[in-house]
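Reader: I would like to go through this model by question and answer, starting with its confidence.

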Amino acid sequence: MRATLYKHLTDNCTTVRAWLQPHKATAQTPKPYGVIELGEETPALFNRAGRFQSVSIWLYFAEGSFVPVDAAVDEVKRLLHNMELTGTNGRRFALEWDQTMRDYYDPDLQAVGKRIDFRIPRGG
């Protein structure tokens with residue numbers, strides 16, 4: 001799943017060209033870049049056999065204006081929300097946009113950014 005998301009964003013996202021693994025960037029990492037983070041699996045409320053896989057997309061830009069961050073958020077949401085992708089195992093999955101977090105500044109990475117959360121229905 002991560003490899004498929006990486007390929008889809010690398011091939012299609014124009015506002016962010018570099019996509020990294022979580023916790024690999026430093027303050028010296030060239031910006032902008034994005035991070036694909038696979039999160040928790042949680043049960044579906046109304047389907048005992050169903051569950052959701054959370055996916056967070058972190059966007060990091062050089063210190064300064066949040067305008068390019070906003071443009072990247074819009075593009076990533078357009079590229080992933082309700083998009084059906086095929087994983088390396090041949091199984092299809094679709095992403096649902098869940099939320100977009102507030103603007104933030106990361107002093108360790110010396111970057112401004114935003115997180116976008118998606119979920120992937122799985123099973124059931």
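Reader: In which element is confidence lowest, and in which is it highest?
Author: This is a predicted model, and the protein averages a pLDDT of 93. A score of at least 70 is reached by 96% of the residues. By element, the mean is lowest in S3, at 88, and highest in H2, at 98.

Reader: Which element gives the most residues to the largest nonpolar core?
Author: The largest nonpolar core has 23 residues, and Trp19, Ile57, Leu59 and Val76 have the most contacts inside it. Two or more residues come from each of helix H1 (2-12), strand S3 (47-62), helix H2 (67-80) and strand S8 (111-122). The element that gives the most, with six residues, is H2.

Reader: Which residues does Ile57 touch, beyond those up to four places away in sequence?
Author: Ile57 is among the residues with the most contacts inside the largest core. In general, nonpolar side chains tend to be buried together in soluble globular proteins. With residues up to four places away in sequence not counted, Ile57 touches Leu9, Trp19, Val35, Ile36, Val76, Leu80, Lys114, Arg115, Ile116 and Phe118.

Reader: Is Asp117 buried or exposed?
Author: Asp117 is found in strand S8. Leaving aside neighbours within four places in sequence, Asp117 is in contact with Val55, Ser56, Glu96, Trp97, Asp98, Gln99 and Met101. The relative accessible area of Asp117 is 7%; the cut-off is under 20%, so Asp117 is buried.

Reader: What is the omega of the cis peptide bond between Lys31 and Pro32?
Author: Most peptide bonds are trans. Pro32 lies in the loop between strand S1 (18-20) and strand S2 (33-44). The bond that joins Lys31 and Pro32 is cis, with an omega of about 5°.

Reader: Where is Asn82, and what is its phi?
Author: Asn82 sits in the loop between H2 and strand S4 (84-86). With a relative accessible area of 56%, Asn82 is exposed. Phi is positive although Asn82 is a residue other than glycine, and the value is near 60°.

Technical notes. Residues are numbered from 1 along each chain as its sequence is written. This is a predicted model: local features need pLDDT of at least 70, side-chain atom pairs count only at pLDDT 80 or more; totals for chains, interfaces and linings use all residues. Side-chain values use heavy atoms; hydrogens and water are left out. A nonpolar core is a set of buried Ala, Val, Leu, Ile, Met, Phe, Trp, Tyr and Cys residues joined through side-chain atoms within 4.5 Å. Buried means under 20% relative accessible area, exposed over 50%, partly exposed in between (1.4 Å probe, protein chains only). Helices (H or I, at least four residues) and strands (E, at least two) are DSSP runs, numbered from the N terminus. Contact means heavy atoms within 4.5 Å. pLDDT is the predictor's confidence in each residue, from 0 to 100.
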